[in-house]
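These are my notes on one protein model.

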Amino acid sequence: MNTANPQLEGLYLAISALVRRMIEKGILDAEDLHHAMSEARQAAEQDLETSSLSEANRKAVLFPIDFLDKADGDVESFRSLVRRIAAGH
């Protein structure tokens, strides 16, 4: 996936690092993270139902949600996380 903006790659990695730190400190647990991302995905998908966006743009809207949903584990590179998201894991 091409995010079309390298700054977004850094932002996604920074936010995912903050999420991992919150999990490590017990402020957030993985289940809460997944639940929040599920709610965000549902809200985004509802908005997208009436949208005239292309499929690529729809995927772009959902990408940050999917990316952060994977932020509960070990630190990974941006590209390895993108590959996992693309593979549906």
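**Entry 1: cores.** I began with the largest nonpolar core, which has 11 residues in all: Val-19, Ile-23, Leu-28, Leu-33, Met-37, Ala-44, Leu-48, Leu-62, Ile-65, Leu-68 and Ala-71. For the record, I take a nonpolar core as a set of buried Ala, Val, Leu, Ile, Met, Phe, Trp, Tyr and Cys residues joined through side-chain atoms within 4.5 Å. Buried means under 20% relative accessible area, exposed means over 50%, and partly exposed is in between, with a 1.4 Å probe and protein chains only. I then asked which helices supply this core: helix 1, helix 2 and helix 3 each give at least two residues. Helix 2 gives the most, with four residues. I also found a second, separate core of seven residues, which includes Phe-63, Phe-67, Phe-78 and Ile-85.

Leaving out residues up to four places away in sequence, Ile-23 touches Leu-28, Asp-29, Ala-30, Leu-33 and Asp-72. Contact here means heavy atoms within 4.5 Å.

**Entry 2: ground rules.** The model is predicted, so I note that local features need pLDDT of at least 70 and side-chain atom pairs count only at pLDDT 80 or more, while totals for chains, interfaces and linings use all residues. Residues are numbered from 1 along each chain as its sequence is written, and side-chain values use heavy atoms, with hydrogens and water left out.

**Entry 3: fold.** I counted four helices and zero strands in the protein chain, and along the sequence the pattern reads α-α-α-α. Helices (H or I, at least four residues) and strands (E, at least two) are DSSP runs, numbered from the N terminus.

Along the principal axes, the C-alpha atoms fill a box of roughly 40 × 25 × 25 Å.

Of the 89 residues, 28% count as buried. Among contacts between residues at least 6 apart in sequence, 56% join residues at least 24 apart. The chain exposes about 6,000 Å², and carbon and sulfur atoms supply 53% of that; the areas come from the Shrake-Rupley method with a 1.4 Å probe, and for residues only the protein chains shown count as cover.

**Entry 4: helix 4.** Which residues of helix 4 are buried? I noted Phe-78, Ser-80, Leu-81, Val-82 and Ile-85. What covers the buried residues of helix 4 includes helix 1 and helix 3. After helix 4 comes Gly-88, whose phi is positive, near 85°.

**Entry 5: rings.** My search of the whole structure gave three aromatic pairs. Rings of Phe, Tyr and Trp (its six-membered ring) pair if their centres lie within 6.5 Å; planes under 30 degrees apart count as stacked, over 60 as edge-to-face and the rest as tilted. Tyr-12 and Phe-67 have ring centres 5.7 Å apart and planes at 40°, so I logged this pair as tilted. The pair links distant parts of the chain, with Tyr-12 in helix 1 and Phe-67 in helix 3, 55 residues apart. Tyr-12 and Phe-67 are both buried. Ring pairs also link Tyr-12, Phe-63 and Phe-67 into a cluster.

**Entry 6: salt bridges.** I found four salt bridges in the whole structure, where a salt bridge is a side-chain nitrogen of Lys or Arg within 4 Å of a carboxyl oxygen of Asp or Glu. One of them joins Arg-79 and Glu-9 at 3.1 Å, N to O. Arg-79 lies in helix 4 (residues 78–87) and Glu-9 in helix 1 (residues 6–24), so this pair ties together parts that are 70 residues apart in sequence.

Next I looked at Arg-41. Its side chain meets Glu-45 in a salt bridge at 2.5 Å, N to O. Glu-45 and Arg-41 are four residues apart in helix 2 (residues 30–49), which separates them by about one helical turn. Glu-45 is partly exposed at 34% relative accessible area, and Arg-41 counts as partly exposed at 26%. Arg-41 also meets Asp-66 in a salt bridge, at 2.8 Å, N to O. Asp-66 lies in helix 3 (residues 55–69) and Arg-41 in helix 2, so the pair ties together parts that are 25 residues apart in sequence. Salt bridges that share partners join Arg-41, Glu-45 and Asp-66 into one network.
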